[in-house]
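Reader: I'm new to reading protein models. Could you walk me through this one?

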Amino acid sequence: MKLSRLVHLAGLSILLIATLLLVACHQDQPPPWQLSDISGHMPDLSFQLTDDQGKTVTAADYRGKVVLLYFGYTHCPDVCPLTLAHLHVVMQRLGKLSDGARILFVSVDPTRDTPAVMHNYVTAFDPHAVGLTGSPSDIEALSKRYRAAFTREPGNANGGYEVSHSSGIYIFDGNGNARLLATPADPQDKLVHDLHLLLSPGDAT
Amino acid sequence: MKSCAMLVLLAAALLPVGSVRAAQADHVAATHAWIRLLPGDLPAAGYVTLQNNDCNVATLIAARSKTYASVMLHQSTQETDGMSSMVMVEHLKIPAHGAISLAPASYHLMLQQAAYPLKIGDNVEITLDFADGSQLPVRFLVQPANAVDAN
């Protein structure tokens, strides 16, 4: 009789501890993001460049939109198109919510990437993509702001050359605050999950 | 490996005259061959999976095409600091009874200066050259820029 009461008591205490742990866990909820949270670690979106229509644009033109900032160049046949193709699928999976997002593809090769070249390039990928180019100093300023590096490699006999560049995708909320960092290796599911949260109306973030 | 050597011996016994060893290209099967087409005259990338059914390594040393003035074997690399670069590849070994994928963000053929404007759905023949001088012509299917997993 005594033993069974003891067992009963032990069972109750375990239940109590488990409940307390659960409550504690709930209060100490992990952040909802699946990508790297860069809130407070990167400056707000700020730039003045030329879009693929030849118009001068600044970060203020994209306020109210969730921005995916990616540095690349059109003569990059492999990694840049792969990244943009993945972002296209992400946009498709977001459905109507994707109207609130813009992919800003910033050229690190402004010599070859004129607004016209950029226009043909970005429209081949996704209607939410905007090509941005500008003076080398303006582009360098923007890339340095986000610690994204790029280097022009030595040219070949035909005058062609490659540009090595950072491959991160910087995500900003509608107020231009830096929020998340994705890499091309991140699965689409993570991007869809986090963008869904950022784009949903009345999101608690 | 053992059975492979036996086969070679058997073949040698059956063919007393002439060369026994078939060319590298004869043992390589190409599948999933496609090109990501980019607008205008921008360089495109060609991808293919190469399966080597021989007991000897096959070594890809070059590729060429009548459709593109320049075909180069490249590899995209990703540094730990997130920098993405491209490097030229002199030769690519396909292991015995193994496969190598030329796939996005890895090995690829960089295709430049198309002889005519290509369209989605076109087929482009690219010849792969192996170290022993043998050749493998492969038909690549032209896919849109935003194709993710083509074919």
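Reader: How many residues does the contact take from chain A and from chain B?

Author: First, a bit of housekeeping: this is a predicted model, where local features need pLDDT of at least 70, side-chain atom pairs count only at pLDDT 80 or more, and totals for chains, interfaces and linings use all residues. Residues are numbered from 1 along each chain as its sequence is written, while chains are lettered from A and ligands numbered from 1 in the order in which they are written. Residues are in contact if their C-beta atoms, placed from the backbone, lie within 7 Å. On that basis the contact takes 27 residues from chain A and 23 residues from chain B.

Reader: Which element gives the most to the side of chain A that touches chain B?

Author: Helices (H or I, at least four residues) and strands (E, at least two) are DSSP runs, numbered from the N terminus. On this side of chain A, α2, α3 and β8 (163-166) each supply at least two residues. With eight residues, the one that gives the most is α2(A).

Reader: Which residue of β5(B) is the bridge partner of His165(A)?

Author: Two strands pair if DSSP finds at least two bridges between them. Here two bridges join β8(A) to β5 (residues 83-88) of chain B, and the strands run antiparallel. The partner of His165(A) is Ser84(B).

Reader: Which strands stand at the edges of the open sheet in chain A?

Author: Follow the order of its eight strands, β1-β10-β9-β4-β5-β6-β2-β3 (chain A), where the pairing is mixed. The edge strands each have a single partner strand, so one side of each is left without a neighbour in the sheet; they are β1 (36-37) and β3 (56-58) of chain A.

Reader: Which residue in β3(A) is the bridge partner of Leu49(A)?

Author: Strand β2 (residues 48-51) of chain A is joined to β3(A) by three bridges, and the two run antiparallel. In β3(A), Leu49(A) has as its partner Val57(A).

Technical notes
Two residues are in contact if their C-beta atoms, placed from the backbone, lie within 7 Å.
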